[in-house]
Amino acid sequence: MDYSQFFSAALSRLHEERRYRVFADLERIAGRFPHATWHSPSGSRNVVIWCSNDYLGMGQHPKVVGAMVETATRVGTGAGGTRNIAGTHHPLVQLEAELADLHGKDAALLFTSGYVSNQTGIATLAKLIPNCLILSDALNHNSMIEGVRQAGCERQIFRHSDVAHLEELLRAAGPDRPKLIACESLYSMDGDVAPLAKICDLAERYGAMTYVDEVHAVGMYGPRGGGIAERDGVMHRIDVLEGTLAKAFGCLGGYIAASADIIDAVRSYAPGFIFTTALPPAICSAATAAIRHLKTSNWERERHQDRSARVKAILTGAGLPVMSSDTHIVPLFVGDPERCKRACDILLEEHGIYIQPINYPTVAKGTERLRITPSPYHDDGLIDQLAEALLQVWERLDLPLNEKSLAAE
């Protein structure tokens, strides 16, 4: 039997659906972010990155880089094993304490990625709750969906951020059934924010636990970077907060923060935690340095919001179809997978601007877009260059402009 035919056929389907993913070989330059070197098929070129999840540029911060280098020099590279077998090193213990403090919780538990923390965290929690009903937001990230699926218990999907629909489901479940509400605080494709206070109200009224993914908000919002929950004053009302170290903190890893019993239970039962090697000491020290810095420094957050607002204003003023967003995410509507990919190719090859296309299944078919994420280091000149390049691409690909914005000028 020719097994290769199955894989070639699967790849052909992706090409036919115009959603085959092509990776750009990028080499970031510390101290010059958002500039990077693109190792293109025709040679190396300078480009400007406009879609990085290193939202605040902390991956190049001297404190973060210094902590990583110092720790690697002092203790070596790898963790040496799983948490149970020599992998619970001191920088990791310090990082978990820092995360617990960030979210005002008793304890925190570190995973190898934000994906694993959701996938393993949700599944483990729900399995430990007899007859648990999971109520999951319709736009939750794939990692949350997989966690819900692997829990193996009943699940119901409530319409995105629709608290009336959520209340219907909670009421129908009855007061005696254990319930877990799972949602994100900030949805990264549209840039909208969940009504966390109202969700907490419902959870308390109907006796449900709450699990909130803050991966696109930690470090970014709240007086100490605790996320949307801290900003909105509801952090203490949420049972489990999940986050990442790979976005605003510029490192690697995921975590959950909760009560001591919840963390200890997940630590003791979660396969995705028990059977994998711990994060290396240097990564943990770098993340700790980033968290400590952002707990006391507001410059990055304030500058970042200023840059995001300017990008939205300039692109909207130019008539480009900026999708409404109250956060740092700047989605630009395209609505066609082939032209979305082509727009990104032209921007990269002819303008030295790197933005990755967002196509199905990340977003629904017909809602394809460019997802722009400004950083504190995108200056006015780079923003103007972006707007000019986008207008040229829009004209070349015959993409529609926002006539209302043009008329307002």
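Reader: Let's start with Asp54. Is Asp54 buried or exposed?

Author: Buried means under 20% relative accessible area. Asp54 has 7%, so Asp54 is buried. Keep in mind that this is a predicted model.

Reader: Which polar partners does the side chain of Asp54 have, starting with Arg28?

Author: The side chains of Asp54 and Arg28 make a polar contact of 3.0 Å. The Asp54 side chain also reaches a backbone atom, the nitrogen of Met58, at 3.1 Å. If you skip residues up to four places away in sequence, Asp54 touches Arg28, Phe33, Gly59, Lys247 and Gly250.

Reader: Now the nonpolar side. Which residues touch the most other members of the largest nonpolar core?

Author: Leu110, Ile181, Leu196 and Leu245, out of 56 residues. There is also a second, separate core of 36 residues, with Ala36, Ile49, Val322 and Ala343 among them. Back to Leu245: leaving aside neighbours within four places in sequence, its contacts include Leu95, Leu99, Leu110, Gly250 and Tyr255.

Reader: How do I read a pair of packed helices, say H7 and H8?

Author: Two packed helices are described by the angle between their axes and the distance between the axes. Here, H7 (residues 163-173) and H8 (residues 196-206) pack at about 10°, with axes 11 Å apart. Angles under 35 degrees count as roughly parallel, so H7 and H8 are roughly parallel to each other. Their crossing is right-handed. Residues making the contact include Leu166 and Leu170 of H7, and Ile199 and Leu202 of H8.

Notes: Residues are numbered from 1 along each chain as its sequence is written. This is a predicted model: local features need pLDDT of at least 70, side-chain atom pairs count only at pLDDT 80 or more; totals for chains, interfaces and linings use all residues. Side-chain values use heavy atoms; hydrogens and water are left out. Buried means under 20% relative accessible area, exposed over 50%, partly exposed in between (1.4 Å probe, protein chains only). A polar contact is a pair of N or O atoms within 3.5 Å; within protein, one must be able to donate a hydrogen and the other to accept it, and residues adjacent in sequence count only if both atoms are side-chain atoms. Contact means heavy atoms within 4.5 Å. A nonpolar core is a set of buried Ala, Val, Leu, Ile, Met, Phe, Trp, Tyr and Cys residues joined through side-chain atoms within 4.5 Å. Axes are lines fitted to C-alpha atoms, for helices over the stretch in contact, and angles run from 0 to 180 degrees between N-to-C directions. Helices (H or I, at least four residues) and strands (E, at least two) are DSSP runs, numbered from the N terminus. Angles under 35 degrees count as roughly parallel, over 145 as roughly antiparallel, 65 to 115 as roughly perpendicular and the rest as oblique. A crossing is left-handed if the near helix is turned anticlockwise from the far one by less than a right angle, and right-handed if clockwise.
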